[in-house]
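Subject: Structure handover

Hello,

Here is the structure for you to pick up. Please load it before reading on.

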Amino acid sequence: MHARGFRRIAALAMATAAPLGFGLATAPAASAAATTTVYYSSAGAPDYVAQIDQGAANWNAAVSDVRLVKDEGKATVVIHEVHSGGSYTQTDGHGKGDVYLDTSQVAEGYDPTRIAAHELGHNLGLPDHYSGPCSELMSGHGPGTSCTNAKPDAQESAKVQQLWANGFRTEGTRVTTTVY
């Protein structure tokens, strides 16, 4: 009788604790880091929706700790189309911000998918590195109009993984305003 009573108490304790987020995680999968989802909206850049989606897909293929998902209603990264001033981002680097994609840069010959992926990189916490080669996404406009690489390199992917390993990055908050 004593053992049966203990099992009932233990079962009641687990049933009460589980919905509150308390529990015993013993399976290896339970200790793995969860992926953070950052929602974006491309509704403000109607001429570049496919390129923005491809830029997000390139990041999703390169990293696993953060995922960019289009959702106009939940967006914390909002992409706008502008017609001068250069493409740039205003962000906290924690998955929240506004991206401005300049149509005049596209008219000059800069690849819109590269621009979109580059600006999304700022929202994931990466700075510009204009002196870098075309293989570095964050080199932005530095390599010129012939550069169409819209994928992060291994170092950029690793840095994003490091920044997002425990959910939203925890390094100091910063506001980035950059011109592609």
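Below are the notes on what was found.

This is a predicted model, in which local features need pLDDT of at least 70, side-chain atom pairs count only at pLDDT 80 or more, and totals for chains, interfaces and linings use all residues. Residues are numbered from 1 along each chain as its sequence is written, and side-chain values use heavy atoms, with hydrogens and water left out.

**Strands and crossover**

Helices (H or I, at least four residues) and strands (E, at least two) are DSSP runs, numbered from the N terminus. Strand E1 (residues 36-44) pairs with strand E2 (residues 66-70) in the parallel sense, over 5 bridges. Pairing requires at least two DSSP bridges between the strands. Tyr40 stands opposite Lys70 in E2. E1, helix H2 (residues 49-62) and E2 form a right-handed β-α-β unit. Right-handed here means that, with the strands pointing away from the viewer, the path from the first strand over the helix to the second runs clockwise.

**Helix H4**

H4 has 12 residues and spans 17 Å from its first C-alpha to its last. The expected value is 16 Å, taken as 1.5 Å times one less than the number of residues. 12 of the 12 residues are buried, so H4 is largely enclosed by the rest of the structure. Buried means under 20% relative accessible area, exposed over 50%, partly exposed in between (1.4 Å probe, protein chains only). Among the buried residues are Arg114, His118, Glu119 and His122. At the start of H4, a side-chain oxygen of Asp111 comes within 3.3 Å of the backbone nitrogen of Thr113. Just after H4, Gly125 has a positive phi of about 110°.

**Disulfide**

There is 1 disulfide (a pair of cysteine sulfur atoms within 2.5 Å). Cys134 and Cys147 form it, with their sulfur atoms 2.1 Å apart. The link is right-handed, at 85° about the S-S bond. Both cysteines lie in the loop between H4 (112-123) and helix H5 (154-164), so the pair ties together parts 13 residues apart in sequence. Cys134 is partly exposed at 28%. Cys147 is buried at 3%.

**Aromatic pair**

The structure holds 1 aromatic pair. Rings of Phe, Tyr and Trp (its six-membered ring) pair if their centres lie within 6.5 Å; planes under 30 degrees apart count as stacked, over 60 as edge-to-face and the rest as tilted. The rings of Tyr88 and Tyr100 have centres 4.6 Å apart and planes at 20°, so they are stacked. Tyr88 is in strand E4 (residues 88-91) and Tyr100 in strand E5 (residues 97-102). Tyr88 is partly exposed at 22%, while Tyr100 is buried at 17%.

Best regards

Key
A polar contact is a pair of N or O atoms within 3.5 Å; within protein, one must be able to donate a hydrogen and the other to accept it, and residues adjacent in sequence count only if both atoms are side-chain atoms.
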